[in-house]
Amino acid sequence: MIKGIKKTKLSIEAVLSKISEYDIFRFYMPDHDWKLNKVTYSPFRKENNPSFVIGNKLGYISFIDFADTSLRGDCFNFVQKLHMLPTMIDTLKLIDKDFGLGISNGKSTEEYKKIVSEYKQPQIEKRYSIIQVSTRKFTNRELEYWNQYHIDLQDLRDNNVYAVKNVFLNKSKFALKDEEMTFGYLYEGQYWKVYRPFEDKKHKWIPNNVPITVMDGKEDIQNCKVAFINKSKKDYMVMKKIFPCSCAVQNEGIGCFSEDNVEYLKANSDSQILSFDSDITGVANSQQITKLFDFGYANVPRKYLAEGIKDWADLAKVHGLETIEKYLINKNIL
């Protein structure tokens, strides 16, 4: 028997098994004087006033450009945006090459050991904010809101969705507007994502301490021909009325797709279809993730964008569940 070294697949996990998030930021950040959680100058443009932060507020190292908040994400998103790379695979290949990791070709130069030996790793504590929620009965107005999406009280109970009375963040009361419609999504009996549907995009999902890799409906993916992966709990609750082998991730980011999640989906379904929003950002994210993990994808038809519809929940609200059912049949998904 001929024995050899098992080749490691190029992936986020493989890269992070050799170097850290901090190593990647430090290597590619043009200004090497930056410090964690301190405002510095953006590498994406020339500016007179610093507006850029690399920090660990979220429990992992991420960046945000406050002058252009579309520029945000983890270390891999940073490298991809900084070098204007088309896909995450291209990003991983660049990091692999620049650090001499040897993941792609099995020939490590071990240059990365020399690079990371020149500085001290910061202490990054992975922790989540403490969120406590007191709940109450749903009002008729709140139930009417969910009924628009064909979601009833039993659906809300089955999916651990609650009407919120008070929210406490790190044991201090979190300010909510009077009469503001506020819901709480409870995960694993301990994590909360607070959803305020009529807030602006920046505040709609805070506070939130749900780990990024937690999935809705993971248990529904068992012996499935197709696993249909949605980008939100609301879309998931709508879609599973039509297609039971449905689940959802926390958002449209690649960080949701841990190695364990991807392996689970592939082990429990013959194929996987990803479905994000049909706007420019959603399509770009879909294409990136599907290429990386060999998923298919089927977003809401773009013709509905003219009506302001970009996800399944809004499509069901305006055109009914039958429209979604017909679409899935035409796509040979159902």
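Let me begin with a term: a residue counts as buried when its relative accessible area is under 20%, as exposed when that area is over 50%, and as partly exposed in between, with a 1.4 Å probe and protein chains only. What we have here is a predicted model, in which local features need pLDDT of at least 70 and side-chain atom pairs count only at pLDDT 80 or more, while totals for chains, interfaces and linings use all residues. Residues are numbered from 1 along each chain as its sequence is written, and side-chain values use heavy atoms, with hydrogens and water left out.

With that in mind, take Asn 77, which is found in helix α3, where helices are DSSP runs of H or I with at least four residues, strands are runs of E with at least two, and both are numbered from the N terminus. Its relative accessibility is 18%, so Asn 77 counts as buried. Leaving out residues up to four places away in sequence, Asn 77 touches Phe 63, Arg 72, Met 88 and Ile 254, contact meaning heavy atoms within 4.5 Å.

Now to the partner of that helix. The axes of α2 (residues 21-28) and α3 (residues 75-82) come within 9 Å and cross at roughly 20°, the axes being lines fitted to C-alpha atoms over the stretch in contact, with angles from 0 to 180 degrees between N-to-C directions. The two helices are therefore roughly parallel to each other, a label for angles under 35 degrees, whereas over 145 is roughly antiparallel, 65 to 115 roughly perpendicular and the rest oblique. On the α2 side, Glu 21, Ile 24, Phe 25 and Tyr 28 meet Cys 75, Phe 76, Phe 78, Val 79 and Leu 82 of α3.

How many of the residues of α2 are buried? The count is 6 of the 8, so α2 is largely enclosed by the rest of the structure; the buried ones are Glu 21, Tyr 22, Asp 23, Ile 24, Phe 25 and Tyr 28. These buried residues pack against α1 (12-16), β1 (52-55), β2 (62-65), α3, α4 (88-99) and α5 (111-116).

Ile 95, leaving aside neighbours within four places in sequence, is in contact with residues including Ile 24, Tyr 28, Phe 76 and Val 79.

Finally, a contrast: Phe 198, in the loop between β8 (191-195) and β9 (224-230), is exposed, with a relative accessible area of 61%. Phe 198 lies 17 residues from Met 181 in sequence and 7.4 Å from Met 181 in space, C-alpha to C-alpha.
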